[in-house]
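Please find below some notes for a student reading this model. They are set out as numbered points and can be checked against the structure one at a time.

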Amino acid sequence: MKRKLEMRWAYLFIAPALIGLSLFHLFPAIASMVLSFTEWNGLTKPDFVGLDNFKALVHDKEFIQSIRNTVYFTSISVPVSIGLATIASILLNQRIRGKSVYRTLYFVPVVTMSTAVGLIWKWLLNAEFGPVNYVLGLLHLPQPNWLSDPSMTMLSIVIVSIWSTVGYYMIILIAGLQGISATYYEAAEMDGASKWYQLFRITLPLLTPSLFFVLLIALINSLQLFDLVFVMTGGTTGTSGPNPMLLNSTRSIVYTIYDQGFVLFRMGYASAQAVVLFTAILIFTLVQFALQKKWVHYQ
Amino acid sequence: MKKTLAIVFLVSMLSVILAGCGGTGSSNDEEQKNQSESASTQAIQENTGSKEKFVLNLAIWDEKLKDTVNQVIEIYKQDHPEADVQVTVTPVKDYWTKTQASLVGGKGPDLFMMNGPNFNKFASLGLLSDLQPLIEKDGVDTSVYPQGINELYKLDGHAYGIPFYLGSLGLYYNKELFDKAGVPYPDESWTWETLKEKAALLTNKEAKQYGYIAVNADQVGYYPLIHQAGGSVISADKKTSGLDSEGTINAIQFMKDLMDQGISPSAQQQLETEALQIFGSGNAAMYPGGSFDAFNLQKLLGDKLGVTVLPKGEQSGFYVHGSSWVINKQSKHQQEAWELLNLLTGKAGQELLAKNAINFPAYTDYVDLWAQSIPSLDMKAFVVSLPDAVAYPVSQNTSEWQKVMAASITEALTGAVPVKEAMTTAAQQMNEILSKDK
């Protein structure tokens, strides 16, 4: 009896979050699945078109290019950012002077709004007047057109994205490192294991649950790349928005969804793209959960 | 099982929705809050008496116009003390997306500014109020505005917008740089050849100083050159693209040559630093700009700024554009919005627009007042060149083919694709888009 009452209280407490989630997340998600089978401009009634949207997607050069761009972005940004975050977390988990200062410094980009990050980096990377190229010039290194050379733009976005996410992964990994019991290290030390041996035989294996979580989040985040593309390759010329030539090398899947849905008002088609993205992320995640048995060690 | 459910939930939360409303929606609202500025109403509220209060929302893309609009609102409030009018400025890059999205969502400003390339899309989606009955009822005389601009905002013979200002073009120059190089100031006798020759003299690569800017943008950049070279953007019947015509290709080649010779900043540089900024910071001697640039350029360059008519090629002139005010069809305050619109486009608004040196007024009677509004800058070049101007290229889906055109021209100018090939592709793609027009 008492337990039942407690359960009611529990539901009451989670009610605001639950209502919010269903209203603003679950409902639109289901709605867009339904809309993906329709043609809808947001004004008139949606027309049911069956699988037409999905059929059109297969031949849509812009969408295929956006998949290519997103995969390229993900394949570099995920491993590099996790690698750097792992190194940083291990270093900052030592007893060093002023480590809380370093931790804060690494974390600052995470709490900075991505629009601000994009704008500041756009200025830093300006080919002619930007400080980055100025420093490269002093060192007699090549000064690339970071944001106007189509072969460089995505790489620039990757760099900025890594800079702004490493801190977040680092914090999760530090938490993981601190969960590792000191007794393992004491025992290893007594047996005469070197620091490197300890790192590879104790630290990393016991960090795998955290690494798994970080990998999952990183992958989902990178597949949803949007804001940096929107802000950094928006371009400055013309009055009709971003320069299409530049955008071709950076447009991500989510940018294409936004473009179709909120610029061109092809809501049904945009929904179909969103459903494809959703399915891809779902499959990725399930595969990872299946694979985790092979490499994740719980204590 | 539970775990799988959790994953599905996590993924659905993070993927589908973030794509849409999440990020942009909320940041736009924030922006609106920050940028909107309610003209103070407190003082007048005391004597509102019987009339019911109402709120009118105005949207514009031009920051420098805001003060003038607020001055007109003050006049409006003398007759409507119960009104609370808010002006929101959105940078032009996001203006169209944001406005269309909010209108489609059943909200949006009551009264907002419109341009030619976007008018047909908005009007044919049924988002704008038909002003024709109101014009006839109140006997508004639209013949005080240039005929071409009136036509730009008509759909099936009905006016949906009233002209506000024109975008006349001219050649801005930096007197200081001309004096230093000992080159006489440009005048109406200049041709493309003179321009090329003198611009070379004004170029100083070490000082990062350019003689001229071949602007990689439509209105002030390649459009006037295309017209001057005898080319076209779109045929008179709006059915075929003119981008692969000989004149058009020559115009783009002319721009590319200037860039390749270092006389003009390259297209790549312009992708990062706006052409107007390069000229405004004194790093270029000449810049083809609009009447709408005078206000800001004068602030940046002061007495050093001069302006004359654009040099001629095969012919002189350019495509003239004009912006208008339109009313949201779903606005609950049609009559109130209409009255404010009349003030803005009528004598009171046009006089302020001219006096404040904002831009070329659409109301012909106030053009001379505007031309003299900046003491150090004689702007009659914008007025005398107008007879040579022709209608702005638009069709039903202008913004769609503008995208294609901008991409191809940028590819041509950066050298990624040969000029002729790029323009042929652009014309093909544009024709495909035009064939979908009704």
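1. From helix 11 of chain B come B:Tyr222, B:Leu225 and B:Ile226, and they meet B:Gly247, B:Thr248, B:Ala251, B:Ile252, B:Phe254 and B:Met255 in helix 12 of chain B. Sorted by class, this contact holds 7 nonpolar and 2 polar residues, with no charged residues. Bear in mind throughout that the model is predicted.

2. The geometry of this pair comes next. Two packed helices are described by the angle between their axes and the distance between the axes. For helix 11 (residues 218–228) and helix 12 of chain B, the axes come within 8 Å and cross at roughly 130°. The crossing of helix 11 of chain B past helix 12 of chain B is right-handed.

3. Helix 12 of chain B also packs on another helix. Helix 12 (residues 246–260) and helix 20 (residues 398–414) of chain B have axes 9 Å apart, at an angle of about 40°. That angle makes helix 12 of chain B oblique to helix 20 of chain B. Helix 12 of chain B passes helix 20 of chain B in a right-handed crossing.

4. Which residues of helix 12 of chain B meet helix 20 of chain B? They are B:Ile252, B:Met255, B:Lys256 and B:Met259, and their partners in helix 20 of chain B are B:Ile409, B:Ala412 and B:Leu413.

5. Now the domains. Chain B is divided into domain 1 (35–166 + 321–371) and domain 2 (169–318 + 388–435). Each domain is given as two stretches of the chain, as the bounds show. The C-alpha centres of domain 1 and domain 2 of chain B lie 30 Å apart.

6. How many residues of domain 1 of chain B are in contact with domain 2 of chain B? There are 15 residues of domain 1 of chain B, in contact with 14 residues of domain 2 of chain B. On the domain 1 side, helix 6 (116–124) and helix 8 (147–152) of chain B each supply at least two residues. Helix 6 of chain B gives the most to that side, with 6 residues. The residues of the domain 1 side divide into 6 nonpolar, 7 polar and 2 charged.

7. Two loop residues in chain B deserve a look at their backbone angles. Most residues other than glycine have a negative phi. B:Asp156 is not a glycine, yet has a positive phi of about 50°. B:Asp156 sits in the loop between strand 5 (154–155) and strand 6 (158–159) of chain B. B:Asp156 counts as exposed because it has 9 C-beta neighbours inside 10 Å, and 12 or fewer is the cut-off for exposed.

8. The other is B:Ala357, with a positive phi of about 60° although it is not a glycine. B:Ala357 lies in the loop between helix 17 (347–355) and strand 12 (360–361) of chain B. Is B:Ala357 buried or exposed? B:Ala357 counts as buried because it has 21 C-beta neighbours inside 10 Å, and a residue is buried at 20 or more.

9. Turning to chain A, its secondary structure comes to 13 helices and 2 strands. The C-alpha atoms of chain A fill a box of roughly 75 × 75 × 35 Å along the principal axes. Of the 299 residues in chain A, 36% are buried. For chain B, the secondary structure comes to 21 helices and 13 strands, and buried residues make up 50% of its 438 residues.

10. Helix 8 (residues 182–190) of chain A is hardly covered, and the count of buried residues among its 9 residues is 0. After helix 8 of chain A comes A:Gly192, with a positive phi near 80°. A:Thr86, in helix 3 (residues 61–91) of chain A, is buried, with 22 other C-beta atoms within 10 Å. A:Thr86 and A:Phe212 are 126 residues apart in sequence but 12 Å apart in space, C-alpha to C-alpha.

Conventions
Residues numbered from 1 in each chain as written. Chains lettered and ligands numbered in written order. Predicted model: local features only at pLDDT ≥ 70, side-chain atom pairs only at ≥ 80, totals over all residues. Domains from an automatic or database assignment. Contact = placed C-beta atoms within 7 Å. Helix = DSSP H or I, 4+ residues; strand = E, 2+ residues; numbered from the N terminus. Nonpolar A, V, L, I, M, F, W, Y, C, P; charged D, E, K, R; others polar. Axes fitted to C-alpha atoms, helices over the stretch in contact; angles between N-to-C directions. Parallel < 35°, antiparallel > 145°, perpendicular 65-115°, else oblique. Left-handed = near helix turned anticlockwise from the far one by under 90°.
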